[in-house]
Amino acid sequence: MCGIVGYHGTETASPLLATGLQNLEYRGYDSAGIALVDSDLTVYKRSGEVESLLEVLPESSTQQRGIGHTRWSTHGPPTDENAHPHTDEDGRVAVVHNGIIENYEALRAELSDHTFTSDTDTEVVPHLIEEELESGATPREAVEAAVARLEGTFALVIAIAGVEELFAIRQDSPLVIGHGETGTFLGSDVTAFLEHTREVTYLDDGELAVISGAGVELYRDGESVEVTTEQLTWEADAAEKGGYEHYMRKEIHEQPRALRQTLSGRYDLDSGTVDVEIDLPREYLRSIEEIQIVACGTSNYAGRYAAELFESLADVRTTVEIASEYEFSGGRDPWRTLVVAVTQSGETADTLSAIRKAIRAGARTLAVTNTLGSTVTREVDDSVFIRAGPEIGVAATKTFASQVATLALLAVYVGRERGALSSNRARSVLQSLRSLPGAVQQVLDREDAVHEVATAYADSEAFFFIGRKYGRPVALEGALKLKEISYDHAEGFAAGELKHGPLALVTAETPVLAVLTDGSAATETLNNVKEVQARSAPVIGAVSGDVGESYLDVTWEVPDIGMFEPLVTNVYWQLFAYHVADEKGRSIDKPRNLAKSVTVE
Ligand code: G6P
């Protein structure tokens with residue numbers, strides 16, 4: 001979810017690549033770089049803004065081909081060394097990469113006689129290509145052989161000194177070719193080059209593009225395939241949003257890919273084990289008596305989901321506190337308390353303040369965040385990254401899903417380290433997690449149905465969301481999403497609490513959205529559905545299995561994947577909130593009074 005650009009043509013490449021990177025800035029990034037190539041190869045890269053990269057680019061250059069990248073860190077902090085492009089030892093092969101190479105540690109071990117200069121997974125690729133070239137392979141063969149050894153998700157663009165062609169290949173990460181008048185462009189999305197051409201070819205998984213002065217050739221499994229092109233009609237603004245009207249909708253739809261990235265290479269189903277790349281020693285994890293999660297807003301609800309997971313999978317008492325309310329007060333043993341900050345930005349002032357209190361009290365601290373190099377990661381003992389890619393819509397969507405998935409991995413890890421979780425049970429949890437991206441996609445494929453229901457109920461007086469167990473944080477998050485972007489009155493309740501108060505608010509004008517899936521005590525919640533139905537409230541139920549559809553006005557099916565079904569349900573709630581807000585013409589990506597990252601207490 002970083003940005004890729006490339007150019008091969010008759011104009012000077014450097015300014016075209018620089019503008020391409022600026023066009024991709026909207027995606028969010030933490031470092032940038034460019035490689036210019038002719039018979040030599042020169043790399044310029046900097047942490048920080050594209051602006052600071054421009055300062056080190058030569059004012060005039062002659063190269064007519066090159067590649068560039070904006071990086072959103074997943075392996076290693078945002079430093080000059082970790083910025084792309086990465087090169088081999090001789091500096092002849094340059095690679096830019098989006099995605100995650102899962103087996104990079106094994107590959108690095110095999111390349112033990114090579115010197116690596118970064119912490120990235122990407123750097124193995126130029127070294128593998130270098131090996132192939134040294135053993136006599138042609139450039140195309142070298143690229144194909146190196147890529148065949150990679151596991152994971154990637155879009156790669158490769159330049160080699162003295163080689164006329166650029167190479168581009170994708171596996172589960174987008175890459176698009178632009179056919180311009182002065183040459184061929186490459187981009188991780190069309191915004192990279194939209195001002196130069198609208199005639200494009202989208203690469204498919206497993207396709208290798210070979211780009212030369214003569215144009216583009218495509219190969220699959222070594223065989224040449226036909227190049228098909230299409231004409232784009234999008235304007236630049238729409239293109240940034242991938243053709244969606246709002247970032248929020250784009251990000252809702254990015255969830256299957258974000259979840260795949262979150263989970264990629266972090267578990268082994270056969271052994272029921274997890275590796276979330278943290279250093280907290282087993283002895284310490286065995287000794288902890290309490291986990292305290294501190295977080296705000298949507299991250300707080302992800303934390304509540306996680307608290308249930310830690311209690312059930314890792315057998316450790318877990319509390320969740322709103323970060324602005326947090327005190328590390330007496331009676332707790334700081335040495336046996338792990339304080340976990342959940343924050344997608346890593347910059348929320350309330351969360352930072354809470355974690356500082358925990359540090360002062362002497363507790364061990366961990367951050368679960370989307371942002372490498374963020375303030376929180378510099379202050380805590382250890383960090384786990386959720387790898388959701390940049391999120392631009394103020395209302396958090398894909399980061400919630402990736403936070404819960406990451407925390408679930410963490411709960412399995414802690415459970416296994418503490419000896420509290422059998423390999424069989426771990427396997428079943430991991431199986432459910434593995435099914436998440438596909439299940440979320442199935443919900444996204446039903447968006448039209450959700451849209452219709454949202455239109456029908458958009459003018460309601462208020463909306464109530466109910467759920468139990470894992471369904472409860474999802475009810476709270478569903479209501480938060482709706483109120484944030486539609487400005488309608490929406491509340492989430494523990495389903496069993498309705499009858500202790502909120503039921504007084506329920507009328508025929510207040511739709512109730514209920515989580516009725518695995519992991520949400522659906523049978524009990526159905527009793528609460530009956531209570532609201534008796535008060536004439538319309539009921540929209542997200543249902544898996546056979547849970548009293550006759551009590552529901554609208555039934556949305558949730559694929560049968562076990563304990564993470566409530567997380568899949570949340571995608572229905574997101575789409576519902578989006579379409580209610582859209583129906584009302586709200587400013588969906590930037591709701592009034594709200595900010596993406598709140599850096600004041
Ligand atoms: C702001 C945003 C929310 C977000 C909260 C916590 O209020 O509008 O969407 O959930 O901050 O943000 P964090 O970056 O700490 O997850």
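Is H196 buried, partly exposed or exposed? H196 is partly exposed, as its relative accessible area is 35%; the term covers values between those of buried residues, under 20%, and exposed residues, over 50%, with a 1.4 Å probe and protein chains only. H196 lies in the loop between β10 (183-187) and β11 (199-202). Helices (H or I, at least four residues) and strands (E, at least two) are DSSP runs, numbered from the N terminus.

The model is predicted, and local features need pLDDT of at least 70, side-chain atom pairs count only at pLDDT 80 or more, and totals for chains, interfaces and linings use all residues. Residues are numbered from 1 along each chain as its sequence is written, and side-chain values use heavy atoms, with hydrogens and water left out.

The domain assignment of the protein gives domain 1 (2-239), domain 2 (243-445) and domain 3 (446-585). Such bounds come from an automatic or database domain assignment. Taken over C-alpha atoms, the centres of domain 1 and domain 3 are separated by 44 Å.

A surface patch of negative charge is made up of E89, D90, D113, E131 and E134. Patches consist of residues with over 30% relative accessible area and no salt bridge, like charges being joined within 9 Å and nonpolar side chains (Val, Leu, Ile, Met, Phe, Trp, Tyr) within 5 Å. Accessible areas come from the Shrake-Rupley method with a 1.4 Å probe, and for residues only the protein chains shown count as cover. Asp and Glu count as negative and Lys and Arg as positive, while His and the chain ends are not counted. The place of a charge is taken as NZ of Lys, CZ of Arg, CG of Asp or CD of Glu. E134 counts as exposed because its relative accessibility is 56%.

Helix α8 (residues 255-263) has seven of its nine residues buried, so the helix is largely enclosed by the rest of the structure. The buried residues in α8 are Q255, P256, A258, L259, Q261, T262 and L263. Just after α8, G265 has a positive phi of about 70°. V294, in strand β18 (residues 290-295), is also buried, at 0% relative accessibility. The C-alpha atoms of V294 and E321 are separated by 5.1 Å, although the two residues are 27 residues apart along the chain.

Several backbone features were found in loops and end segments. The peptide bond from H84 to P85 is cis, with omega near 0°, and P85 is in the loop between β4 (65-71) and β5 (86-87). A521 is a residue other than glycine with a positive phi, near 45°. A521 sits in the loop between β25 (512-516) and α17 (522-534) and is partly exposed, with a relative accessible area of 29%. N593, likewise not a glycine, has a positive phi near 70°. N593 is in the segment after α18 (565-583) and counts as exposed, at 76% relative accessibility.

The structure contains 22 salt bridges. A salt bridge is a side-chain nitrogen of Lys or Arg within 4 Å of a carboxyl oxygen of Asp or Glu. E327 and K357 form one, with the closest N and O atoms 3.4 Å apart. This pair links distant parts of the chain, 30 residues apart: E327 is in the loop between β19 (317-322) and β20 (337-343), and K357 is in helix α11 (residues 349-361). E327 is partly exposed, with a relative accessible area of 46%, and K357 is partly exposed at 22% relative accessibility.

K481 forms a salt bridge with E477, with 3.0 Å between the closest N and O atoms. K481 and E477 are four residues apart in helix α16 (residues 471-486), so about one helical turn separates them. Both K481 and E477 are buried.

K250 and E254 also form a salt bridge, their closest N and O atoms being 2.9 Å apart. K250 is buried, with a relative accessible area of 16%, and E254 is buried, with a relative accessible area of 11%. Salt bridges that share partners join K250, E254 and K398 into one network.
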